[in-house]
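Open the model in your viewer and keep the selection tool ready. We will go from one stop to the next.

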Amino acid sequence: MTNVKFRLSSIEKERLVMNHDVIDFTIWDESKLKFQYKIETIIRLPNDIISVIPTVRYTYEDREALLASSVFNFAVPNLSATITVDKENQQINVKADIFPTLLGNAYSTLRGIVYARTDGSELKRFPLPMIDTRTLVEKNGISVEE
């Protein structure tokens, strides 16, 4: 495996929408609070950037109570030496498995952002669940910009 250096270079497009008024917390049923998430990765080869975009959502009785997402940009010097694209077979070839670290860091940071931003609301009592890094990698949607 190749040793790859990378760093979080920016956090952009932070989005948090709270509709906690859809829940009457005096009579609510915790079993009706549902959690959903998705995670996307954009490999920006010309810019030596990998952008990870986790999105999370709480719904209550099919009404959106919280929606949060952010773009986490990781600088990866000489990214094309680590990741190549086989256009003919539509495959991404990775010489170093950096995705678990990038996805885990992005999701965990979003968890912290949501926790901090829900301060003062009833939703703070329900921090986002932890998700195993392997699950994040399995559910990750990847696209490439060349």
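**Stop one: V56 and its contacts**

Select V56. Leave aside its neighbours within four places in sequence, and V56 is in contact with F35, Q36, Y37, L66, L67, A68, Y107, L110, V114 and L128. Keep in mind that this is a predicted model.

**Stop two: the core**

Now widen the view. The largest nonpolar core has 37 residues, and V56 is one of those that touch the most other members, along with I23, I50 and V52. Which elements give two or more residues to this core? Colour β2 (33–44), β3 (49–60), β4 (63–75) and α2 (99–117) to see them. Then look at α2: eight residues come from this helix, the largest share of the core.

**Stop three: the rings**

The structure holds two aromatic pairs. F35 and Y37 make a stacked one, with 6.0 Å centre to centre and 20° between the planes.

**Stop four: a surface patch**

Turn to the surface. Select I92, V94 and I142, which form a nonpolar patch there. Together they have about 200 Å² of accessible area. I142 sits in strand β7 (residues 141–145). I142 is partly exposed, with a relative accessible area of 39%.

Notes: Residues numbered from 1 in each chain as written. Predicted model: local features only at pLDDT ≥ 70, side-chain atom pairs only at ≥ 80, totals over all residues. Heavy atoms only, no water. Phe/Tyr/Trp six-rings, centres within 6.5 Å; stacked < 30°, edge-to-face > 60°. Patch = residues over 30% accessible without salt bridge, like charges linked within 9 Å, V, L, I, M, F, W, Y side chains within 5 Å. Areas by Shrake-Rupley, 256 points an atom, 1.4 Å probe, with all protein chains shown as cover. Salt bridge = Lys/Arg side-chain N within 4 Å of Asp/Glu carboxyl O. Helix = DSSP H or I, 4+ residues; strand = E, 2+ residues; numbered from the N terminus. Buried < 20%, exposed > 50% of the residue type's maximum accessible area, 1.4 Å probe, protein only. Core = buried A, V, L, I, M, F, W, Y, C linked by side-chain atoms within 4.5 Å. Contact = heavy atoms within 4.5 Å.
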